[in-house]
Amino acid sequence: MNNDNTKLATTALVASGLGAALSYLMFQRQQKSRPRSNSMTFHIPSDAPKSIGNSRTSFIFQDPEYDMNSGDRQSSVSDTTILMPHSHEERMRRRIAARMAVEDENSQPRQSVTVRVPASSANCGPGYDCIGLAVDLWTEVTVSRADEFEITAEGDGAEEMPKDDSNYIVTGVKAAYETANKPMPPLKYHVVSRIPYARGLGSSSAAIVAGIIAGLVLAGHRLPVWGSESLLQIAASIEGHPDNVAPVIYGGFQVGIHNGTRWVTERIPSPPGMQCVMFIPDFIGKTSAARAVLKDTISRSDAAFNIGRVAFLVHALALGNLDNLKWGVQDRMHQPQRAEGLYPHLFPMIKAAEESGACCAFLSGAGPTVMAFTSGASGDIFTQREKERTDYSVAKAMMEVATTYGVKGRIVVTQASQEGARVVKVDPPFSSEFITFRDNV
């Protein structure tokens with residue numbers, strides 16, 4: 001290359017570099033000069049824990065870094081954020097902003113709706129108030145417009161279930177209508193319960209979520225998920241933490257936190273072939289009593305112990321390393337205190353389950369149910385050779401401990417549910433002559 005060509009190429013490179021730098025500086029100046037709104041408002045029902053935040057007016061809001069200016073909504077999201085391949089929430093946010101304001105998105109009110117919700121198991125050992133899984137036991141709640149209030153129930157725990165407006169289903173429906181800013185009409189409720197009541201399997205969270213979903217459908221009101229998870233905000237504000245309501249809503253294993261603005265949750269992968277073997281005592285366990293035995297403070301060594309075990313638990317689940325689960329579910333924050341004060345059978349039952357082939361065992365939620373994970377299931381277990389699994393031997397060992405300690409109860413074997421709550425019947429239906437949804441809903 002001669003000197004003239006070299007000079008020309010050098011000049012072109014320098015010019016392009018200066019042009020790129022100037023464009024970047026202009027972009028940064030434009031970003032700084034653009035007005036931003038950091039105000040976020042959402043409504044918390046009057047009976048929600050006061051620690052969640054100040055009184056708000058809507059559950060529709062964004063994290064601060066994604067806040068959309070209402071006066072210039074479309075332009076504020078169209079060119080201020082560079083989309084990356086993983087920016088699913090931003091893509092959805094822009095799609096919504098280009099179409100309509102989500103606050104105004106409503107559908108036809110319904111006359112009746114049936115919601116199916118799973119059981120859940122919180123904590124899973126060290127994940128106190130932040131980790132939980134959906135369990136394949138289901139309750140169906142039907143809510144219909146009526147002339148007067150009524151609650152009827154059948155199935156597991158039907159007699160103990162409140163039949164007045166203190167029932168968490170009613171609490172959920174009220175929260176939904178408040179969010180929709182609509183008056184709540186007289187309603188009748190019918191519950192077909194297959195989730196043991198007050199046994200540490202999330203019966204209250206299932207009721208809350210069922211009520212919220214039923215109320216939203218009846219009111220004809222929809223909420224955003226991407227970037228807001230508004231249904232989770234309503235449910236967690238009532239419950240006070242996400243460890244049960246998150247898996248009830250989304251299914252699977254969930255780990256949830258409050259990020260200073262809102263509740264957020266993520267799914268943890270779960271190993272295939274894992275079963276849940278549960279010893280469910282005949283007596284009710286009150287969450288208030290189970291929390292009352294806990295201290296307000298813990299030592300640094302106990303905090304470090306639990307932090308390590310939570311990390312180990314999530315790692316074992318994510319990689320499918322079932323051998324490490326027994327270390328991952330160990331805990332010093334609540335299980336020893338509850339075993340000493342309420343459930344003397346807990347640790348002997350955990351030991352017996354693990355010695356009989358369980359991957360791990362722990363107190364389900366606040367108790368009294370004890371849950372063990374076993375492996376080896378494949379397809380329909382009743383056509384599989386029993387010796388390929390350990391559920392039967394683990395169940396037998398857990399029941400023997402219960403008999404030794406004089407605790408009456410039953411064994412239930414099921415699995416984690418990868419699916420969360422859903423509408424299974426509605427009048428009038430969402431399906432039409434040109435589109436049919438699952439189960440013809």
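1. In what order do the strands of the open sheet of four strands come? The order is S8-S9-S7-S10, with antiparallel pairing. Helices (H or I, at least four residues) and strands (E, at least two) are DSSP runs, numbered from the N terminus, and two strands count as paired if DSSP finds at least two bridges between them. At the edges sit strand S8 (360-363) and strand S10 (409-414), each of which pairs on one side only. On average, neighbouring strands of this sheet are turned by 20 degrees against each other, direction ignored.

2. Before going further, some housekeeping. This is a predicted model, where local features need pLDDT of at least 70 and side-chain atom pairs count only at pLDDT 80 or more, while totals for chains, interfaces and linings use all residues. Residues are numbered from 1 along each chain as its sequence is written, and side-chain values use heavy atoms, with hydrogens and water left out.

3. The protein chain averages a pLDDT of 84, and 76% of the residues score at least 70. Take care with residues 33-57, where pLDDT stays under 50; the model has 56 contacts beyond four places in sequence for them (contact means heavy atoms within 4.5 Å). Residues 100-105 also have a pLDDT below 50, and this stretch has 11 contacts in the model beyond near neighbours in sequence.

4. Back to the sheet. Strands of a sheet pair through backbone hydrogen bonds, either parallel or antiparallel. Strand S7 (residues 275-281) pairs with S10 in the antiparallel sense, over six bridges. If you want one spot to look at, find Phe-279: its bridge partner in S10 is Ile-411.

5. H12 lies across S7, S8 and strand S9 (370-374), and runs at about 160 degrees to S8. H13 lies across S7, S9 and S10, running at about 20 degrees to S7. For such angles, axes are lines fitted to C-alpha atoms, for helices over the stretch in contact, and angles run from 0 to 180 degrees between N-to-C directions.

6. How do those two helices meet? Helix H12 (residues 346-355) packs against helix H13 (residues 391-404) at an angle of about 155 degrees, with the axes 8 Å apart. That makes H12 roughly antiparallel to H13 (angles under 35 degrees count as roughly parallel, over 145 as roughly antiparallel, 65 to 115 as roughly perpendicular and the rest as oblique). From H12, the contact uses Pro-348, Met-349, Ala-352 and Ala-353; from H13 come Val-394, Ala-397, Met-398, Val-401 and Ala-402. By class, that is nine nonpolar, no polar and no charged residues. Here Ala, Val, Leu, Ile, Met, Phe, Trp, Tyr, Cys and Pro count as nonpolar, Asp, Glu, Lys and Arg as charged, and the others, Gly among them, as polar.

7. Now for another helix pair. The axes of helix H5 (residues 203-219) and helix H6 (residues 230-239) come within 10 Å and cross at roughly 140 degrees. H5 and H6 are therefore oblique to each other. On the H5 side, the contact includes Ile-208, Ile-212 and Leu-216, and on the H6 side Leu-231, Ile-234 and Glu-239 are among the residues. The contact of H5 with H6 divides into nine nonpolar, two polar and one charged.

8. Strand S5 (residues 253-258) and strand S6 (residues 263-268) pair in the antiparallel sense over six bridges, and Gly-256 stands opposite Thr-265 in S6. Four residues lie between S5 and S6, and Gly-260 in the turn has a positive phi of about 95 degrees.

9. Cys-130 is found in strand S2 (residues 127-145). Leaving out residues up to four places away in sequence, Cys-130 touches Asp-243, Gln-254, Val-255 and Gly-256. Cys-130 and Thr-265 are 135 residues apart in sequence, yet 8.9 Å apart in space, C-alpha to C-alpha.

10. Last, some backbone details to check. Most residues other than glycine have a negative phi, and most peptide bonds are trans. Ala-198, in the loop between strand S4 (187-193) and H5, has a positive phi of about 55 degrees although it is not a glycine. The peptide bond from Gly-367 to Pro-368 is cis, with omega near 5 degrees, and Pro-368 sits in the loop between S8 and S9. Asp-427 and Pro-428 are also joined by a cis peptide bond, with omega about -5 degrees; Pro-428 is in the segment after strand S11 (422-427).

Key:
pLDDT is the predictor's confidence in each residue, from 0 to 100.
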